[in-house]
Protein chains: 2
Amino acid sequence: MKTVVLKFGGTSVGNIERIKKVCKIIASYKKKKRRVIVISSAMSGVTNELVKKSRLISNNFDKAEYDALVSTGEQASCALIAGRLNHIGFKSRSWMSWQLPIQTEGPYSSSRIKKIAIKELNNYLKSGGIPIITGFQGINSKFRLTTIGRSGSDATAIMIAKFIKADECIIYTDVEGVFTTDPRQYKKAKKITKIFYDEMLEMASLGSKVMQPTSVQDAKLNNINIEVKSSFISKPGTLISDSKKTCSDQIITGISSTKNDAKITIVGVKDKPGVAASIFKPLSKNLINVDMVVQNISQNGQDTDLTFTIKADDLKKTEKLIKQNKKISYKKLSFDKNVSKVSIIGVGMITSPGITYRMFQSLASKKINILVISTSEIKISVLISSNSVKKAVGVLHKEFKLD
Amino acid sequence: MKTVVLKFGGTSVGNIERIKKVCKIIASYKKKKRRVIVISSAMSGVTNELVKKSRLISNNFDKAEYDALVSTGEQASCALIAGRLNHIGFKSRSWMSWQLPIQTEGPYSSSRIKKIAIKELNNYLKSGGIPIITGFQGINSKFRLTTIGRSGSDATAIMIAKFIKADECIIYTDVEGVFTTDPRQYKKAKKITKIFYDEMLEMASLGSKVMQPTSVQDAKLNNINIEVKSSFISKPGTLISDSKKTCSDQIITGISSTKNDAKITIVGVKDKPGVAASIFKPLSKNLINVDMVVQNISQNGQDTDLTFTIKADDLKKTEKLIKQNKKISYKKLSFDKNVSKVSIIGVGMITSPGITYRMFQSLASKKINILVISTSEIKISVLISSNSVKKAVGVLHKEFKLD
């Protein structure tokens, strides 16, 4: 008998009618003679409401209490789902993270799942029951509740699938799957049927909000096949799996673009060993994430220009940190908040030469100026003016036959 | 160092401002060098909101899941209180029932507290911390959440006080204490400074909604002194304690009255052994609570009239059950929904003769007709027309010097 883990996000259980709908989906798997395990998020809005209360209580609310507070959301939604399944004639019960338990490690509010005890769960599955498990949380070595960060319910589903050795892990959400590019920005965007972990990781970290990169990483590490699909419409979703298992003749799988990037150029900085480290150390200490970096060839063998990108929100803080930095000297600082990163992603580019050329050629044909370039084995990113993003996505989508 | 258990009801933690206020009260005990343990209910409205959701999911919502659902309310309020205390500089943490644990027995939604593990709690108190414990709930032998019925947080406070051997147990609520009679009905009602368990039990079961009778019974059995007071105004409340400990020259402590009673008279019922049992057995089976019972002296040695009172809500069901009852024969059934029970309560009446006479005389002076009488050691109840209740309470309040 196949075992399937079903995870439902906050919007999927956003109100009573949706919970009833979700229970019909769960029942459909049971009718197909599957062993079914359900992981649920809190009803959408509930977590935000609790967070709001914590902020009214304190602008520096205790992290452990924050976790105890917000984890109530999943407890409630799981009880409601189990209650509904019982109502429609299926044996079901809710399972709190501390009842299994799901053991976590690391700090409150951003812990990781370490181990999940599955003995009782297995007995319950054997008896034909459907366990409904709280996502997003666990207990640490002190027997206290911890949460595993926003979207942590995906991580719970993947780890449950790992420990229970599930055959399938299906992430039900409010989108139909992963698209070749943002369908709101570009109407010709198409749903991707199959995508590899590494591609999905690049897509996820570049702004495709379907799944958090850490969850994709977990799935990759544990080799769990994931299907992302909609709980609202009954349609196949996107299968995320290992590139070793399947092959594809698609060179480029998707195109992603960012918003809210900013570019900083430090003009005339002394070109000597360790200068880049001196610049980036205080930024790193202040949790400012530097993304693309490019250093011009030294004009006179002494001075150089250093350009890098950060999130636009961090611009003011970064400017301050550079100006305070006594370890570096430079001529001028310049900023540009009107920049975006556009990336093409695909495992296929490893074996297909000339992709970089085709990308640059396409952008040039539309007179789009490239400010910074960054590449990895399966991704090429370019920084361009934000005004050209839509045009760039369009021409690249067509060039790489994603239309 | 004295140990005090403080319990806050739903209205006391009804919104963020009230939680902040409650934390000031908690802090005031800490400043008085007390060991402080806090028990909290859910924020008022939260539990009802959850119950509403469960009813929309199923008209016969699974009891175990119901308990998992509603117990989230206390978890959230306790986390918020602990978060606030941390914010204002006090060491504090929330404690879920399963973390201690608070062990329960009996059915879901109406379980009883069996045992509370206090080792960790004691260590935490010794370290100077303020534990905030979820009221109203516990875990059963199956490691599942159970609730102990509405107002169960009082029971939690009393049992914590018992197991931790607390010196005081203070129930903070939205009223100033226990009154000689309902202050909304009778303006001369006064707050009672001291009341004995047995008196409070009679007051509680007769409609004084300050505390549930089961909680008073728990306090009596474990000899826990309770003070009931308001979390809204800083005033002394009512001390509930053992009559052996204190003495009082007050004969009557309070007067209570009921609403929604109904009187049934079965006229001309066969007067033979076992007839009353035959009448009351089906009522008992259907959870209809019979309160006052009076049987007239048999007129002819064969027939008698049996009068009893029930809650008016149960009237239709009771009528049906009597008519279906094949074990009894009678001439006529009559009903009266316009009746109320007025009771005077006081341990002092045990040693003061003539109280019954004074009560009846007072009512007669106002031309109030007594329909049924029932007495216990510390209580005399009379059934009268609902229209006369206010007049009756007034004359008795004055007669027994409660004004």
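1. Buried residues of α6(B). These are B:G152, B:S153, B:D154, B:A155, B:T156, B:A157, B:I158, B:M159, B:I160 and B:A161. Buried means that 20 or more other C-beta atoms lie within 10 Å of the residue's own; exposed means 12 or fewer, partly exposed lies in between, and C-beta atoms are placed from the backbone. Helices (H or I, at least four residues) and strands (E, at least two) are DSSP runs, numbered from the N terminus.

2. Model and numbering. This is a predicted model: local features need pLDDT of at least 70, side-chain atom pairs count only at pLDDT 80 or more, and totals for chains, interfaces and linings use all residues. Residues are numbered from 1 along each chain as its sequence is written, while chains are lettered from A and ligands numbered from 1 in the order in which they are written.

3. Geometry of α6(B). The helix covers residues 152-164 of chain B. Its end C-alpha atoms are 18 Å apart, which agrees with the 18 Å that 13 residues should span at 1.5 Å a residue. The expected span is 1.5 Å times one less than the number of residues. Just after α6(B), B:K165 takes a positive phi of about 55°.

4. Positive phi in chain A. Most residues other than glycine have a negative phi, and most peptide bonds are trans. A:K165 has phi near 55°. This lysine is found in the loop between α6 (152-164) and β9 (168-173) of chain A. A:K165 counts as exposed because it has 10 C-beta neighbours inside 10 Å. A:K367 has phi near 60°. Its place is the loop between α11 (355-365) and β18 (372-376) of chain A. A:K367 is exposed too, with 8 other C-beta atoms within 10 Å.

5. Cis peptides. In chain A, a cis bond joins A:L100 and A:P101, with omega about -5°. A:P101 is found in the loop between β3 (92-95) and β4 (102-105) of chain A. In chain B, a cis bond joins B:L100 and B:P101, with omega about -5°. B:P101 lies in the loop between β3 (92-95) and β4 (102-105) of chain B.

6. Fold of chain A. The secondary structure comes to twelve helices and 19 strands. The chain is divided into domain 1 (3-174) and domain 2 (257-399); these bounds come from an automatic or database domain assignment. Their centres, taken over C-alpha atoms, are separated by 40 Å. The C-alpha trace spans about 80 × 50 × 35 Å along its principal axes. Of the 403 residues, 46% count as buried.

7. Symmetry. A rotation of 179° with 0.0 Å of shift along its axis superposes chain A on chain B, at RMSD 0.1 Å. That is the relation of a two-fold axis. In chain A, the C-alpha nearest the axis is that of A:T72, 2.7 Å from it. Copies are superposed by least squares on the C-alpha atoms of residues with pLDDT of at least 70 in both.

8. Contacts of B:I81. Which residues does B:I81 contact, leaving aside its neighbours within four places in sequence? They are B:V13, B:I19, B:V22, B:C23, B:V38, B:S40 and B:I132. Contact means C-beta atoms, placed from the backbone, within 7 Å.

Definitions and conventions:
Contact = placed C-beta atoms within 7 Å.
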